[in-house]
Every structure is written in C-alpha cells, then in structure tokens.
Amino acid sequence: MFYRLSGIYHTRYQTARQLWPIPADRYQIYFLLVLGLAAPFIFSNFYLSSYIMPWLILSAAALSLTLLMGIAGQLHFGFASVMAIGAYTSIHLTRAGVPLELALLGAGFMSALIGSIFGAAALRVKGLYLVMATLAMQYLVDWTIVNVPIISGGAQATLQTPATTFLFVALKSDMARYYLALLWVVFITLLILNIKRSSIGRALVAVRDKDYAAAVIGINVVRFKLVAFFTSSFLGGVTGAILAFCYYQAVTPEQFNFNISVQLVAMVLVGGLGSVLGAYLGAGFVLLVPILLTNAVIMLSGMGWLDVSTNLLAHIPLMIYGALIVGFLLFEPLGLGKIYDNIRNYLLVWPFRHSKL
C-alpha cells in the first residue's frame, strides 16, 4: 500500500533528509497544495474571504509563535502587539508611496526590532517572569497605538489600507488577496520546516530543553534566544501586515488586543508545541469550531430540540468549546498534531502489531 514503509529504501543522504521522505506524505502535500490553488474556483467568495483566508493568515501567525514557543521554548503572551506593529508600519509605508513588497519587509523589521528589545528580558528571566515582560509589551504597544494619534489617528480611528499591488498584481479582488495570503503561509511553513532540521533549529531545541546544558556544550544561549525573538517577531510583523491588507483592509486598535494574544497561544498549545501541522489544526480549531458550534446550537434550537433560555443558548457554544479544549488536552497533552501523528504512525505499519504509537 502507498502509505506503508515497506519497499522504501534510503540509499543516499539526500533522500533520507527530504522534508517528506515517505511517498504518502508527499501525496498529501501535493493534494493540499492543489486544493489551496484551486480554492477560489471551488468555494464561494463568502467562504473564501470569511473562513479560509483568516484561517491561513492565523495559521501563519501561529507558525511564527511556534518558532518562539514550541522550538525555542520562550513564552510570549503579547504576540498580537507584534502583529499590530507590522500592520500599522505597512500601512504608513504604503501611504508614503513605498511598494507593498518593501512595506512588508519594513513591517517585519520594525516588529523584529521592537520585539527583540522586549525579548532581551529572556536573557535574564524565564517562565512566568518572561510572560510578565511580554505582557508589558502588549499593554505598552496598546497604549501607544491608542494615545499617539500620528500612529492610529486616535482611540476610535480606523486606518484604511491604501490601494496597492503585489508583484504587479492589484489587490482588488478576493482572489488576489487570497493568493497573497496563501503564498505567505506556504513560505513560512517551508521556512519553519527547514529551520527545525537545521543546526540553528537543533540549537534552539537545546536552549529550550535546558539552557545551562546548551551553554556547557558550546551553544551561545544569548545569541540564539535573540535570534528566536528576532525571527519570530519579523514573521509576526509581516503576518500582521498581510492580515491588514488581505483580510481586514483596515486596522483599529481593537483588532490586536490581549484577547488575540491569548487566542494565538491557545492555537499553539491546542495544536501542539513545536508542530507545524499543529499550528494549522490549532488555528482551525480556535477560529472555526466556535462558529460551527454556534450554528449547530442555533439549528437545534430552531428545530425545537434545544428548549433553553436565550441567555443559556448564547453560552452553550462556549461551554462546549471549553470542554473540547480540556478534553483534547487530557486525551493528548501534545495537541492535535500528535493525534494526527499517532494515526499516521499506525497506518505506516498496519496491520502489524509493532506500531509506533
């Protein structure tokens, strides 16, 4: 069978070190890539712009945070502020006549610069103390955006994204914006996958597991912590700009508040720390499951199968959603990505008993 390991022999290092050395994995990637490219022709504009596009962009944000939290082991509870810096920077740069391609780079570098300044706290503290440092970044950025009119225009102001192009393609249609978001999430996925198997990725994992032991074997802990914050913040800043131009098409201070940071952390935890696939699954779970549960509860109530008060009806989806999160973490603490990996490993050797579970 195509999903089994039988008959697969690696006689060269190049084949053994491929991103997807097993044919079954490559077939899945090809299928998903074709599906992603054909999505504008399969789904309506409503589903494309309301569900698929935000899922892709938030998956990119979760991947950016996965690099920092899952691979490098550095906690960050203010990642929405990193995205906010990138969003506002890109809008101001494009309004000044800078092409969007350069504006995205500028947004990434601005987020990386400010994120690295606050990430410098990781050189001295860790755990809950590092959480407090990143929370300070979140609240400081929120306060600055609201109270400095030159940045946001005021607490209640909305900055519209100017009309622009990317690689000579005007971002006027949902299809053009979707393909820009898809291009970015594919790029960041390949980047994280290659970082994980590189010497930098192995050094970051060593710092995550035990920074003292990493220093003993010659790893520059200070440098790699700063590299993790810089790279993650750069990717988060560009993702914030993509979110502003492709999905919101405008930015307000409320779009990047503390609740968004908590949701991004939830995506990483529910999907699985350090898992690339888990970032996609976690983003889909946090973003789409509440919508599906709300629609299901409303449908059951309309059919008369759920006769409860209006107040309770509004809270039932949140109760089920919370129970699902607790259930997933109890059933598999390593997240949704590990559940998929368990099923995959079982199929690779099925029907034999020496499963990798």
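Modeller: A residue counts as buried under 20% relative accessible area, as exposed over 50%, and as partly exposed in between, with a 1.4 Å probe and protein chains only. This is a predicted model, where local features need pLDDT of at least 70, side-chain atom pairs count only at pLDDT 80 or more, and totals for chains, interfaces and linings use all residues. Residues are numbered from 1 along each chain as its sequence is written, and side-chain values use heavy atoms, with hydrogens and water left out.

Colleague: Is Phe46 buried, exposed or partly exposed?

Modeller: Phe46 has a relative accessible area of 49%, so Phe46 is partly exposed. Tyr47, at 47%, is partly exposed too.

Colleague: How many aromatic pairs are there?

Modeller: Rings of Phe, Tyr and Trp (its six-membered ring) pair if their centres lie within 6.5 Å; planes under 30 degrees apart count as stacked, over 60 as edge-to-face, and the rest as tilted. The count here is ten aromatic pairs. One of them joins Phe46 and Tyr47, edge-to-face, at 5.4 Å centre to centre and 80 degrees between the planes. The rings of Phe109 and Phe234 have centres 5.1 Å apart and planes at 65 degrees, so that pair is edge-to-face.

Colleague: Where in the chain do Phe109 and Phe234 lie?

Modeller: Helices are DSSP runs of H or I with at least four residues, numbered from the N terminus. Phe109 is in helix α5 and Phe234 in helix α11 (residues 221–248), so the pair, 125 residues apart, links distant parts of the chain. Phe109 is partly exposed at 47%, whereas Phe234 is buried at 19%.

Colleague: Which residues form one aromatic cluster?

Modeller: Phe46, Tyr47 and Tyr51 do.

Colleague: Which ring does the charged end of Arg223 sit over?

Modeller: A charge sits over a ring if NZ of Lys or CZ of Arg is within 6 Å of the ring centre and within 35 degrees of the ring normal. The charged end of Arg223 sits over the ring of Phe224, 4.7 Å from its centre.

Colleague: What volume does the largest pocket have?

Modeller: On a 1 Å grid over the protein atoms alone, a pocket is an open set of points where a 1.4 Å probe fits, with protein on both sides within 12 Å along at least five of seven lines; lining residues have an atom within 4 Å of a point. Points are joined across faces, edges and corners, and a volume is the space filled by probe spheres set on them. The largest pocket has a volume of about 1700 Å³. Its lining has 48 residues, with Ile29, Leu32, Val276, Leu277 and Tyr280 nearest the centre. Helices that each supply at least two lining residues include α2 (23–42), α8 (174–196) and α13 (276–302).

Colleague: Which helix gives the largest share of the lining of the second largest pocket?

Modeller: The second largest pocket holds about 300 Å³ of space. It is lined by 14 residues, and Ile85, Thr89, Met110, Ile114 and Ile151 are the closest to its centre. The largest share, five residues, comes from α4.

Colleague: What span should α8 have?

Modeller: The expected span of a helix is 1.5 Å times one less than its number of residues. The 23 residues of α8 should span 33 Å, and its end C-alpha atoms are 33 Å apart, which agrees. Among the buried residues of α8 are Trp184, Val185 and Ile188.
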